Amino acid sequence: MARMRFELRHRAVMSALRIARAATQREVIVKFAGCYHGHVDSMLVKAGSGILTLSSPDSAGVPVSLAQKTRVLPYNDIDAVRDLFRREGQSIAAVIVEPVAANMGVVAPRAGFLEELRTLTTANNALLIFDEVITGFRVAFGGAPNAL
C-alpha cells in the first residue's frame with residue numbers, strides 16, 4: 001500500500017506540473033523548503049544561497065537545466081512569494097505547496113498565507129497546486145483548506 005501511495009504521488013505531481021507548464025506556456029515552478037512532493041526531478045532541488053540565485057540539484061542525476069526551472073522559497077513567507085512574483089511573475093507556471101507542511105513536522109500555514117498564494121497566482125495567471133497526499137482527508141474532509 002505504501003508503495004502504491006508513493007507511485008501515485010509521483011505521478012500526480014509530475015502530471016500537475018506538466019499540465020501547469022502546458023496550460024500557461026511557462027516553465028518556472030515555485031515550491032517551498034521543507035515541503036516534499038515526491039521524487040519528480042524538478043522537485044528534488046533546493047535554493048542556492050538565496051532566492052535570487054538559480055536552484056541547484058539536491059540529488060544526483062537531476063539535470064541542472066531542469067533544476068534551474070524551480071524556485072524554492074521559505075514556507076509561510078508570503079513576502080518572499082510577492083518578491084519573486086514581482087521579479088519573475090511572467091515566467092511562473094505554478095506554485096506547489098503542502099497546505100499543512102507534513103514533511104517538516106506538521107507546520108500549519110500562517111493566517112492568510114494560502115489565501116494570498118491564491119491571490120498572487122490568480123493575478124499572475126499562474127496555477128496554485130495543493131499537494132495533499134498526506135493532509136488530504138487526515139486534516140479535514142475535503143482537504144486541509146477546509147479545516148483552516
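Analyst: Let us begin with a helix on a sheet. Helix H3 (residues 78-88) lies across E1, E4 and strand E5 (92-97), and runs at about 150 degrees to E4. Helix H4 (residues 113-123) also packs on the sheet, where it touches E1, E5 and E6, and its direction makes about 150 degrees with that of E6. Helices (H or I, at least four residues) and strands (E, at least two) are DSSP runs, numbered from the N terminus. Contact means heavy atoms within 4.5 Å. Axes are lines fitted to C-alpha atoms, for helices over the stretch in contact, and angles run from 0 to 180 degrees between N-to-C directions. This is a predicted model, in which local features need pLDDT of at least 70 and side-chain atom pairs pLDDT 80 or more, while totals for chains, interfaces and linings use all residues. Residues are numbered from 1 along each chain as its sequence is written, and side-chain values use heavy atoms, leaving out hydrogens and water.

User: In what order do the four strands form the open sheet?

Analyst: Strands of a sheet pair through backbone hydrogen bonds, either parallel or antiparallel. Here the order is E4-E1-E5-E6, with parallel pairing; two strands pair if DSSP finds at least two bridges between them. Strand E4 (70-73) and strand E6 (127-130) are the edge strands, each pairing on one side only. On average, neighbouring strands are turned by 20 degrees against each other, direction ignored. Strand E1 (residues 28-32) pairs with E4 over four bridges, and phenylalanine 32 has leucine 73 in E4 as its bridge partner.

User: Which residues of H3 are buried, and what covers them?

Analyst: Buried means under 20% relative accessible area, exposed over 50%, and partly exposed in between (1.4 Å probe, protein chains only). In H3 the buried residues are Ile78, Ala80, Val81, Leu84, Phe85 and Glu88. Seen down the axis of H3, they fall within an arc of 155 degrees and so line one face of the helix; the arc is that of the directions from the helix axis to the C-beta atoms. Their cover includes E1, E4, E5 and H4. E4 is itself covered on both faces, with Thr70 and Val72 buried on one side and Arg71 and Leu73 on the other.

User: How many salt bridges does a search of the whole structure find?

Analyst: Side chains of opposite charge can pair when their charged atoms come close. The search finds five salt bridges, each a side-chain nitrogen of Lys or Arg within 4 Å of a carboxyl oxygen of Asp or Glu. In one of them, arginine 82 meets aspartate 79, with the closest N and O atoms 2.7 Å apart. Arginine 82 and aspartate 79 are three residues apart in helix H3, and therefore about one helical turn separates them.

User: Which residue in helix H4 is paired with arginine 82 in helix H3?

Analyst: Glutamate 116 forms a salt bridge with arginine 82, the closest N and O atoms being 3.5 Å apart. This pair links distant parts of the chain, 34 residues apart. Arginine 82 is partly exposed at 27% relative accessibility, and glutamate 116 is partly exposed at 21%.

User: Is arginine 86 buried or exposed, and what does its side chain meet?

Analyst: Arginine 86 counts as exposed because its relative accessibility is 63%. Its side chain meets aspartate 83 in a salt bridge (2.3 Å, N to O). Both residues lie in helix H3, three residues apart. Salt bridges that share partners join Asp79, Arg82 and Glu116 into one network.
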